[in-house]
Amino acid sequence: IRVNFSTIVKDTGFINGYIAVLHDVTDQERIDNERKEFVANVSHELRTPLTSMRSYLEALQEGAWEDEELAPKFLGVTREETDRMIRLVEDLLQLSRMDNEAEELTKEIVDFNMFLNRIIDRFEMTHKDEVEFVRNIPDTAIFTEIAMDKVGQVLDNVISNAIKYSSSENKKVEFHVKQNRLYNRMTVQIKDNGLGIPVSKVDRIFERFYRVDKGRARKMGGTGLGLAISKEIIEAHDGKIWANSVENKGTTIFINLPCETLEGDVWDV
Ligand code: ADP
């Protein structure tokens with residue numbers, strides 16, 4: 001709350017009284033601060049790869065281009081930094097489209113279990129030697145109305161994080177899907193046995209640009225926007241996403257979504 005004081009002064013010069021005006025500025029100020037912080041974050045995130053690229057380009061210009069060993073290395077780094085900036089700008093554009101509600105979701109009714117199984121199959125193909133995938137997914141269908149590309153993006157992001165933020169040995173990612181027929185909701189849990197997140201920080205991972213370990217996350221090539229985008233997408237589906245974590249034990253991401261209940265289906269729980 002901001003308080004403005006004014007004095008009431010009579011013609012004679014004597015103070016006759018005071019007026020105090022109370023402004024509730026908390027909401028507006030919070031939004032302003034968030035916006036300022038966001039712009040500062042974006043600038044910083046873009047400046048880091050740009051300054052790194054400039055030094056590599058300078059080195060190339062000053063002669064490294066003639067060095068058969070160094071030149072490809074330096075070009076490789078500038079290429080990586082460019083890719084990172086492209087990812088960042090794409091993520092920012094997606095967030096801004098969602099903020100302006102400019103993006104219509106094209107939803108379809110799908111069997112969530114089949115949909116999830118296909119996504120896990122894809123990860124299994126590429127990470128077979130590195131990660132054990134455990135599926136606790138019912139055989140029966142759970143029908144849900146979703147924009148498949150968007151929810152697919154969320155699952156991709158959560159599963160990639162589960163793999164990324166794990167120690168290198170015995171990586172395991174578990175999936176549990178449960179339906180609550182009475183409330184027409186379903187929950188998917190994606191559990192890893194990785195680094196975990198300190199309790200005080202776990203809710204913040206859905207904030208834009210929040211990273212538990214900045215250096216590590218950046219090295220992994222992430223933009224720090226993946227979970228913020230995931231949250232927007234899930235909320236646009238009338239869903240919820242949250243996390244539970246124990247440091248050095250692992251993290252579980254929960255996604256709760258509406259689902260369809262077929263007629264006569266309610267009682268066979
Ligand atoms: P990033 O591009 O940094 O991965 P995200 O929005 O996807 O951005 O995640 C934000 C941060 O949350 C990560 O930097 C990491 O610190 C933390 N995080 C996300 N998923 C996990 C996980 N499964 N285990 C541990 N930390 C995680």
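In this predicted model, an oxygen atom of the ligand lies 2.8 Å from a polar backbone atom of Leu227.

| Residue | Ligand atom | Protein atom | Distance |
|---|---|---|---|
| Leu227 | oxygen | polar backbone atom | 2.8 Å |
| Thr223 | oxygen | polar backbone atom | 3.0 Å |
| Thr251 | nitrogen | N or O atom in the side chain | 3.3 Å |

On its own, the ligand has 540 Å² of accessible area, of which the protein covers 96%.

**Aromatic pairs**

The structure contains five aromatic pairs. One of them joins Phe38 and Phe209 in a tilted arrangement, with 5.8 Å from centre to centre and 35 degrees between the planes. Phe38 belongs to helix H1 (residues 26–61), whereas Phe209 is in the loop between strand E7 (185–192) and helix H5 (214–219); the pair therefore ties together parts that are 171 residues apart in sequence. Phe38 is partly exposed, at 25% relative accessible area, while Phe209 is buried, at 3% relative accessibility. The face of Phe38 also has Arg208 over it, at 5.6 Å from the ring centre.

A second pair is formed by Phe133 and Phe175, whose ring centres are 6.5 Å apart; their planes meet at 25 degrees, so this pair is stacked. Phe133 is part of strand E4 (residues 131–136) and Phe175 of strand E6 (residues 171–180), so the pair ties together parts 42 residues apart in sequence. Phe133 and Phe175 are both buried.

Note on methods: Residues numbered from 1 in each chain as written. Predicted model: local features only at pLDDT ≥ 70, side-chain atom pairs only at ≥ 80, totals over all residues. Heavy atoms only, no water. Phe/Tyr/Trp six-rings, centres within 6.5 Å; stacked < 30°, edge-to-face > 60°. Helix = DSSP H or I, 4+ residues; strand = E, 2+ residues; numbered from the N terminus. Buried < 20%, exposed > 50% of the residue type's maximum accessible area, 1.4 Å probe, protein only. Lys NZ or Arg CZ within 6 Å of the ring centre and 35° of its normal. Polar contact = N/O pair within 3.5 Å; in protein donor to acceptor, adjacent residues only side chain to side chain. Areas by Shrake-Rupley, 256 points an atom, 1.4 Å probe, with all protein chains shown as cover.
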